[in-house]
Amino acid sequence: MFDAKKLLDQFLGSQMPGTTGSVGQKGNDLLGLAKNNPWKTGALASVLLGTKTGRSLGSNALKLGGLAVIAGLGYQAYKNYKSGQPAEPTQALPELLPPPSDSPFSTEPEAVSNDFALSLVRAMIGAAKADGHIDADERARIMDKVHLSGLGAEAEAFIEAELAKPVDLDALVASAKTEEQRVEIYTASRLTIEPDTRTERGYLDMLAGRLGLEDGLVDHIEATVASAKISL
């Protein structure tokens, strides 16, 4: 089985092939790669699935990695909700940090299974398909780009299968064993799309309901993700 956590990094635009060293050096490497081969850089969620995630969250994803971005935003939203803060987007979200190691949102290797990381990837793909624009012809174009990105045969086969089959909300919801994981499933989905159509908004509302997330908590996740996209 391929490393789902690395695939999450690639979905959100971090740890692209050839980007090593310090954060600053990674940024320079990424710019160079973007000029030479755009399909090996950026976020798969934006470059391949037609979403806005990579453009808005690339800098933090580059620093933290995809899993830490999802968990960090989920942790921030959950903390604000529990403390009773208002759920309002701000113009200057503080620099996103990974969750504390003792938090249920921890991204420590032993705290997050490969299976749950796969669920987060499935959540992102499911959200990207919510508006129904990915038909057979679009899937073929996407897979051509996936192949050029150099993910590897196993990861390519996984993405192709997920794009082709209907979203299995039952399995997606069942994969989240804790409230924190349910928050992360919703956060990953919300990161992938801008719900500016009724279909996309309806999908996210249905997902929140199936996950059993309280309206106030959903509002905080929405506000936190929106703030991250505004400030980055």
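**Helix 8 and its packing partners**

In the predicted model, helix 6 passes helix 8 in a right-handed crossing. The description of two packed helices rests on the angle between their axes and the distance between those axes. For helix 6 and helix 8, the angle is about 45° and the axes lie 10 Å apart. Helix 6 is therefore oblique to helix 8. On the helix 6 side, the residues in contact are Leu118, Val121, Arg122 and Ile125, and on the helix 8 side they are Phe158, Glu162 and Leu163.

Helix 8 itself spans residues 153-164, a stretch of 12 residues. From its first C-alpha to its last it reaches 16 Å, close to the 16 Å expected at 1.5 Å a residue. Six positions in helix 8 are named as buried: Ala155, Glu156, Phe158, Ile159, Glu162 and Leu163.

The axes of helix 7 and helix 8 come within 10 Å and cross at roughly 165°. An angle over 145 degrees counts as roughly antiparallel, so helix 7 and helix 8 are roughly antiparallel to each other. Helix 7 contributes Arg139, Ile142, Met143, Val146 and His147 to the contact, while helix 8 contributes Glu156, Ile159, Glu160, Leu163 and Ala164.

Asparagine 80 is placed in helix 5 (residues 66-82). Asparagine 80 counts as buried because its relative accessibility is 12%, and the cut-off for buried is under 20%. When residues up to four places away in sequence are not counted, asparagine 80 touches Gln85 and His220.

Glutamate 194 is found in a loop, between helix 10 (179-192) and helix 11 (198-211). With a relative accessible area of 25%, glutamate 194 is partly exposed. Glutamate 194 and alanine 226 are 32 residues apart in sequence. In space, the C-alpha atoms of glutamate 194 and alanine 226 are 9.2 Å apart.

How values were computed
Residues numbered from 1 in each chain as written. Predicted model: local features only at pLDDT ≥ 70, side-chain atom pairs only at ≥ 80, totals over all residues. Heavy atoms only, no water. Helix = DSSP H or I, 4+ residues; strand = E, 2+ residues; numbered from the N terminus. Expected span 1.5 Å × (residues − 1). Buried < 20%, exposed > 50% of the residue type's maximum accessible area, 1.4 Å probe, protein only. Axes fitted to C-alpha atoms, helices over the stretch in contact; angles between N-to-C directions. Parallel < 35°, antiparallel > 145°, perpendicular 65-115°, else oblique. Left-handed = near helix turned anticlockwise from the far one by under 90°. Contact = heavy atoms within 4.5 Å.
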